[in-house]
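Please give me a short report on this protein model.

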Amino acid sequence: MVSVPARVDVVVIGAGQAGLSVAYYLQRLGVRPGVDQIVLDRGPGAGGAWQHRWAALRLGSAHRVHDLPGMRRAGISFETADRARPARDVVGEYYAHYERFFGLDVRRPVAVAAVYDRGSDLVVRSTAGETVARVVVNATGTWGAPFVPYYPGMRDFAGRQVHTSTYRDAAEFEGQRVLVVGGGTSAIGFLLELEGVAAKTTWAVRRPVDYLQQGTLDLEAAVNAVAQQDDAAREGRALPSIVSGTGVPLTRRIAAAMERGVLQERPMFGHLEAHAAVWADGWREPVDAIVWATGFRPDIRHLSPLRLHEKAGGVTVASGAAERDPRIFFAGYGPTASTVGANRAGRSLARQVYAALGGPTQPLEATADTIELADRIEVAPQREDPVAALMARFFTDA
């Protein structure tokens, strides 16, 4: 049975790329795993959200995983990973090896129910018990908080509805008429996978998809998207999606699918009926199943007792810490929620946490060599860390 210590200095919630990165750098600063810090992860195994991705997903330009800090020292790198294998298997194996190699104390499966304020300390209540901490690093990402917009008739629809978080395999939709909703890379991936399996696919988007003609992510657009995330986090507003600010790279595979007529986007429908989607102009499309590739929201419900939310809908986060409670740090939130803007974010956040514990803002002499080595390694924590949660009662678990 998994247990947790009664008291530590730091509790890191989430063992995806963001959480592991912070734990690694804290260790380099002398914050000892299992003694001064612990990592709580609700997933059954290593790999963060990747362990729950659909079987057909492979590592590639559209779904890239950056190396964790120090990963090459552990003898592994995603740059040389086998792209023929399911991404969830590769990431899970690499993360497990990384945790063992660096001795990071990840305790799983441990689900955090709530974090409470107890005067000078914080209390982290989980399925493994309670732990008192001086600082909490929230690295739960978004995977556990899938977002599905409301449309009239959703509860009347008689077919199957799944979200990206519960989609598993195109074979489950064989011979069905499938409506895919969403304008990001996941939606496009589902349409390509369903081609030749589903009887028919229909694609609905809220706004026209912005394709990048060069086939790669535009640096200026990426910087602007990260800036929008940063502004929203600093102002306590709900975070915008990264893809809405960057566009979708027009790869050769996507271009070919467009020529075949697979990727023909339509505007959003007006409402749903028991067996169809109906558009504002009266067009009615028979549908057997709906795949909602509509994104996620920050998974921070367990922080509700701390009352961190602003009236604008978000949490004010500046330089990694919550403005309402500077003992709460966010890894993988706002500008660090995407590989676009997370370079070295784990190291920077670890230093801030270390300073909050009373340590010097610069590395201690005793750990200078390890810090210098870590500083030379690029790191970009990804946005999706925790396990998949069940959808609302009218969504099925794929």
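## Basis and overall make-up

This is a predicted model, in which local features need pLDDT of at least 70, side-chain atom pairs count only at pLDDT 80 or more, and totals for chains, interfaces and linings use all residues. Residues are numbered from 1 along each chain as its sequence is written, and side-chain values use heavy atoms, with hydrogens and water left out.

The protein chain holds eight helices and 19 strands. Helices (H or I, at least four residues) and strands (E, at least two) are DSSP runs, numbered from the N terminus. The chain has 398 residues, and 55% of them count as buried. Buried means under 20% relative accessible area, exposed over 50%, and partly exposed in between (1.4 Å probe, protein chains only). Contact means heavy atoms within 4.5 Å. Among contacts with a separation of 6 or more, 72% are between residues 24 or more positions apart.

## Two nonpolar cores

A nonpolar core is a set of buried Ala, Val, Leu, Ile, Met, Phe, Trp, Tyr and Cys residues joined through side-chain atoms within 4.5 Å. The largest one has 71 residues, and Phe78 and Trp203 touch the most other members. Helix H1 (residues 17-28) gives the most to this core, with seven residues. A second, separate core has 24 residues, including Ile38, Val115, Ile300 and Ala322.

What does Phe78 contact, leaving aside its neighbours within four places in sequence? The list is Leu59, Val65, His66, Asp67, Met71, Val90, Val91, Tyr94 and Tyr95. Phe78 has 5% relative accessibility, so it counts as buried.

## Strand S8 and its surroundings

Strand S8 (residues 177-181) is largely enclosed by the rest of the structure, because four of its five residues are buried. Two strands pair if DSSP finds at least two bridges between them. S8 pairs with strand S9 (residues 200-205) in the parallel sense over five bridges. Val181 has Ala204 of S9 as its bridge partner. The chain passes from S8 through helix H3 (residues 185-194) to S9, a right-handed β-α-β crossover. Right-handed means that, with the strands pointing away from the viewer, the path from the first strand over the helix to the second runs clockwise.

S8 also runs parallel to strand S16 (residues 289-292), joined by four bridges. Here Val180 stands opposite Val291.

H3 is mostly covered, with eight of its ten residues buried. Among them are Ile188, Phe190, Leu191 and Glu193. Their cover includes S8, S9, strand S10 (211-212), strand S11 (248-249), helix H6 (252-260) and S16. Just after H3, Gly196 takes a positive phi of about 80°.

## Ring pairs and charges

Rings of Phe, Tyr and Trp (its six-membered ring) pair if their centres lie within 6.5 Å; planes under 30 degrees apart count as stacked, over 60 as edge-to-face and the rest as tilted. The count comes to 14 aromatic pairs. Two of them are tabulated here.

| Ring pair | Centre distance | Plane angle | Class |
|---|---|---|---|
| Phe78 and Tyr95 | 6.2 Å | 65° | edge-to-face |
| Tyr151 and Trp292 | 6.2 Å | 15° | stacked |

Phe78 lies in the loop between strand S2 (37-40) and helix H2 (87-101), and Tyr95 lies in H2, so their pair ties together parts 17 residues apart in sequence. Tyr95 is buried at 0% relative accessibility.

The other pair links distant parts of the chain, 141 residues apart: Tyr151 is in the loop between strand S6 (129-138) and strand S7 (160-163), and Trp292 is in S16. Tyr151 is buried at 13% relative accessible area. Trp292 is buried at 0% relative accessibility.

Ring pairs also link Tyr24, Tyr25, Tyr98, Phe101 and Phe102 into a cluster.

A charge sits over a ring if NZ of Lys or CZ of Arg is within 6 Å of the ring centre and within 35 degrees of the ring normal. The charged end of Arg28 sits over the ring of Tyr24, 4.8 Å from its centre. That of Arg297 sits over the ring of Phe147, 3.7 Å from its centre.

Most residues other than glycine have a negative phi, and most peptide bonds are trans. Arg108 and Pro109 are joined by a cis peptide bond, with omega about -10°. Pro109 lies in the loop between strand S3 (106-107) and strand S4 (112-118). Arg307 is not a glycine, yet has a positive phi of about 55°. Arg307 lies in the loop between S16 and strand S17 (317-318). With a relative accessible area of 68%, Arg307 is exposed.
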